[in-house]
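Here are my notes for your first look at this model. Please keep the structure open as you read.

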Amino acid sequence: MAKFDNRAGGMGEVVDIDGPYETAPFGTELARLGETDGRIVGLSADMSKFSDITPFRDRFPHRYFNAGMAEQDAVTMAAGLAKVGKVAFCATYAAFLTRRALDFIALSCAHSKANVKILAGSPGLVNPYGATHQSLEDLVVLRSIPDITVIDPCDAVELRHVVRAAAETAGTFYIRNLRGKVPVVFDEEGFEFEIGKARLLRPGDDVAVIGTGFMTERALKAADTAAQQGVSAAVLHVPTIKPIDTAAICETASAVGRVVVVENGLRTGGLGSAVVETLHDAGIYVPVQRIGLGDRFHPCGSQAYNEARFGLDQAAITTAVINGQWEFA
C-alpha cells in the first residue's frame, strides 16, 4: 500500500510504495509525445513541480507557460493556444481547477470544443491539507458539463495511455492526475485503453465491484480476499466517467446478486450515482452499495488516516465486498 508524505511541502506525494512504480508518468509521457508532435504545449499555475509537468517543461522550455497563481488565466491561455492549433495540456491541483476555474473550463474549453487537456492533481482525499486542497466533488461537477471527456486512471501504465489518447483526440479532457511515485498495477504488455470503455478485470458470480481511479486496485485486492472466503467477486474498472460505458455496467451487474461501487470522491453524484442511474434506466434492479465520501468537509491528515476514518481504506472495501456491510462516515 502506498504511503504519503504528510510534512509541509509534501503536497500529497507518494514517497514509499510496496511494489513497482513509475515516477512522474504524466510529465514523462508528455515530454515523449512532444518529441514528435510540435503542437503540444504545457501550462501550469505555479505548480509545475507538484503537477509533474517538469519533464516536459525542462525538455521544451519555450513550449511551457506558467500563469502564476491564477488558474483562470492558465485555463484561458490553454484555450487560446488551442484556438491557434496547439494541443494544450494544463496541469495543477484539482481543487483549484474545479473551484476557481470551472467557468473557464466549461465555456472557454468545453463549450468551444477547444483542444485542451486538464490534468487535475491530488484529486479526492489524497491531499493532506484538508478541505482547501481536497477536491472531493470534481467528478460530480465535471459530469454535469457537456462536451467534455472525464477520465480517472488507475495506475502509471493507464495514465500514460490516457495522456497519449488525449493528445491524439480532439476536444476538452479532464484527467485525474496521479503524481510522484505512481504504482504500477497493469501489465504494459498487451494493455489497451479506449476512451469510453470499461474493462472487466476479473469475472465473478456473487458480487460485482465497480471501481475507478486507484480504487480499482483495492477492488482487485478485495476480490482476492473474498475468493478465499468463498465469495466470487467480479471487478469492473471504469476509467472513463464521461462518456460512461453503460453496456459494460449493465452486463456486469445483471450477472450478479449485488453491486459495490468504489471511488475516491463523493458517493453522491460521481461514479456511484452514474451506476445507479445506468441500471435504473436499463431496468436492472440489484442492490448497489456506494463506497465514497459523505456530504461534509474533510480534515487535514494523512491519506491513510482519513481513508480509515471515513471508510475508504482496503479494510472497509473488503468488508463491503464480502459481507455487504459498510459504515457510512
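1. Start with Asp 138. This residue counts as buried, because its relative accessibility is 0% and the cut-off for buried is under 20%. Bear in mind that the model is predicted.

2. Now find the partner. The side chains of Asp 138 and Arg 176 form a salt bridge, at 2.7 Å from N to O. Arg 176 is buried too, at 1% relative accessibility. Asp 138 sits in helix H6 (residues 138–143) and Arg 176 in strand E9 (residues 172–177), so the bridge ties together parts 38 residues apart in sequence. Elsewhere, shared partners join Glu 22, Arg 160 and Glu 188 into one salt-bridge network.

3. Is the pair of Arg 59 and Glu 35 buried or partly exposed? Arg 59 is partly exposed, at 42% relative accessibility. Glu 35 is partly exposed as well, at 46%. Their closest N and O atoms are 2.7 Å apart.

4. Look at the salt bridge between Arg 39 and Asp 37, at 2.9 Å. Arg 39 is partly exposed, at 38%. Asp 37 counts as buried, at 17%. The whole structure has 16 salt bridges.

5. Turn to the nonpolar residues. The largest nonpolar core has 56 residues, including Phe 26, Leu 30 and Val 262. Helix H7 (residues 156–168) gives the most to this core, with eight residues. Another core, of 47 residues, lies apart from it; Leu 97 and Tyr 174 are among them.

6. Check the confidence. The mean pLDDT of the chain is 93. Over residues 1–16, however, the pLDDT is below 50.

Notes: Residues are numbered from 1 along each chain as its sequence is written. This is a predicted model: local features need pLDDT of at least 70, side-chain atom pairs count only at pLDDT 80 or more; totals for chains, interfaces and linings use all residues. Side-chain values use heavy atoms; hydrogens and water are left out. A nonpolar core is a set of buried Ala, Val, Leu, Ile, Met, Phe, Trp, Tyr and Cys residues joined through side-chain atoms within 4.5 Å. Buried means under 20% relative accessible area, exposed over 50%, partly exposed in between (1.4 Å probe, protein chains only). Helices (H or I, at least four residues) and strands (E, at least two) are DSSP runs, numbered from the N terminus. pLDDT is the predictor's confidence in each residue, from 0 to 100. Contact means heavy atoms within 4.5 Å. A salt bridge is a side-chain nitrogen of Lys or Arg within 4 Å of a carboxyl oxygen of Asp or Glu.
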